[in-house]
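Try each task before you read its solution.

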Amino acid sequence: MTSNQTLFSYVLRLADDHLILSQRLGEWCGEAPTLEEDLALANIALDLIGQARALYAYAGQVEGRGRDEDQLAFMRYERDYQNLLITEQPNGDFAHTIVRQFFISAYMDSFWRRMESSKDEMLAAIAAKASKEVTYHLRHTSEWVIRLGDGTRESHERMVEALDDLMMFTGELFEIDAVAQEMLQSGVGVDASDLKAEWQHTVQTILQEATLELPKAGHMQTGGRTGRHSEHLGHILSELQYMQRSFPGLTW
Amino acid sequence: MSEAAMPLWEVFIRARNGLSHKHAGSIHAADAEMALHAARDVYTRRGEGQSIWVVRSSDIVASDPVDKDMMFEPTASKIYRHPTFYEIPDDVGNM
């Protein structure tokens, strides 16, 4: 791989993380427990879409084959998507959605802050904007984790279940493959493996306040970065891509 | 969601430095912190805010509409309270 191909791949997978998670959160629109939370989740989804757009546009530019953000977002096959598996997991109940978002926001908060000092100016600029947004996502989901964990017996039990269900997708957050390694060495990428201790500290501090515990790390699922997905991604894509597949090149 | 678990809060937004907080609307939230989040998410989506106040609706003491005449009518005849009887020297410029 040339270094340009590596950069393309690195930016593209980040974009995929944000697009798929955003699509998931968007499924709550009109369905959330309260009007206030409906807007809160939609706001987070829109922040993520904004980040995804900036990343796809940059990826297309790096690739240099004339693909724009829409083509990258909508016109690829399932196996070409390189998003983390946790981002495609179903919304489940509100506890599952909150835990998923909390795990990812805690990770992305550290990730973007480090990316701000990337040697790649575009990634550094995207990071500077994104880190303000994700700090709020982390704050908002943390407050929910505390209230649901330390809330009623039912909300506590649902949180325990959500933590158990999603824990196995957190190992992938800290994996380093050849692409990430090369980006790290060239001063462009972030050392994801180095974020683990910080993530655990952030998550555990909140969980403790919520009278919850981080489940023991058992078998970890992996495969998103190489296009091996759970059964959920295909269904997400069929909805996400419908418009562009039916009317290629459609614009607003 | 019950009113007891998610009481009503009034939201006040300050749009810019130098302006005062203005009533924007109301939201339901479990406590003060969540009320601030809800106010932010519902009322500042288009860059409306620099600062937010939230206050429990039940903590607001309001005048009784029945007392309207007693409270406000007497000021109607006291035109001399308005600062409109002064000549403003040109040097002062805009006040």
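The exercises below use a predicted model.

**Exercise 1. Length of a helix**

Task: Check whether the span of α2(A) agrees with its 29 residues at 1.5 Å a residue.

Solution: 
- Step 1. Locate the helix. α2 covers residues 35–63 of chain A.
- Step 2. Work out the expected span. It is 1.5 Å times one less than the number of residues.
- Step 3. Look just past the end. G64(A) follows α2(A), and its phi is positive, near 70 degrees.

**Exercise 2. A pair of helices**

Task: Find how α2(A) and α6(A) are oriented to each other.

Solution: 
- Step 1. Take the geometry. The two axes come within 11 Å and cross at roughly 165 degrees.
- Step 2. Apply the cut-off. Angles over 145 degrees count as roughly antiparallel. α2(A) and α6(A) are therefore roughly antiparallel.
- Step 3. The crossing of α2(A) and α6(A) is left-handed.
- Step 4. Name the residues that meet. α2(A) gives A40(A), I44(A), D47(A), Q51(A), A54(A), L55(A) and Y58(A). α6(A) gives M122(A), I126(A), A130(A), E133(A), H137(A) and H140(A).
- Step 5. Explain the spacing. An α-helix has 3.6 residues a turn, so residues three or four places apart point the same way.
- Step 6. Sort by type. The contact of α2(A) with α6(A) has eight nonpolar, three polar and two charged residues.

**Exercise 3. A second pair**

Solution: 
- Step 1. Name the residues. A95(A), H96(A), V99(A), R100(A) and F103(A) of α5(A) take part. Their partners in α7(A) are R158(A), M159(A), A162(A), L163(A), D165(A) and L166(A).
- Step 2. Sort by type. This contact has seven nonpolar, one polar and three charged residues.

**Exercise 4. Between the chains**

Task: Which element gives the largest share of the side of chain A that touches chain B?

Solution: 
- Step 1. Count. Eight residues come from chain A and twelve from chain B.
- Step 2. List the elements of chain A that give two or more residues. They are α2 and α6 (121–149).
- Step 3. Pick the largest share. α2(A) supplies it, with four residues.
- Step 4. Sort this side of chain A by type. It has two nonpolar, three polar and three charged residues.

How values were computed
Residues numbered from 1 in each chain as written. Chains lettered and ligands numbered in written order. Predicted model: local features only at pLDDT ≥ 70, side-chain atom pairs only at ≥ 80, totals over all residues. Contact = placed C-beta atoms within 7 Å. Nonpolar A, V, L, I, M, F, W, Y, C, P; charged D, E, K, R; others polar. Axes fitted to C-alpha atoms, helices over the stretch in contact; angles between N-to-C directions. Parallel < 35°, antiparallel > 145°, perpendicular 65-115°, else oblique. Left-handed = near helix turned anticlockwise from the far one by under 90°.
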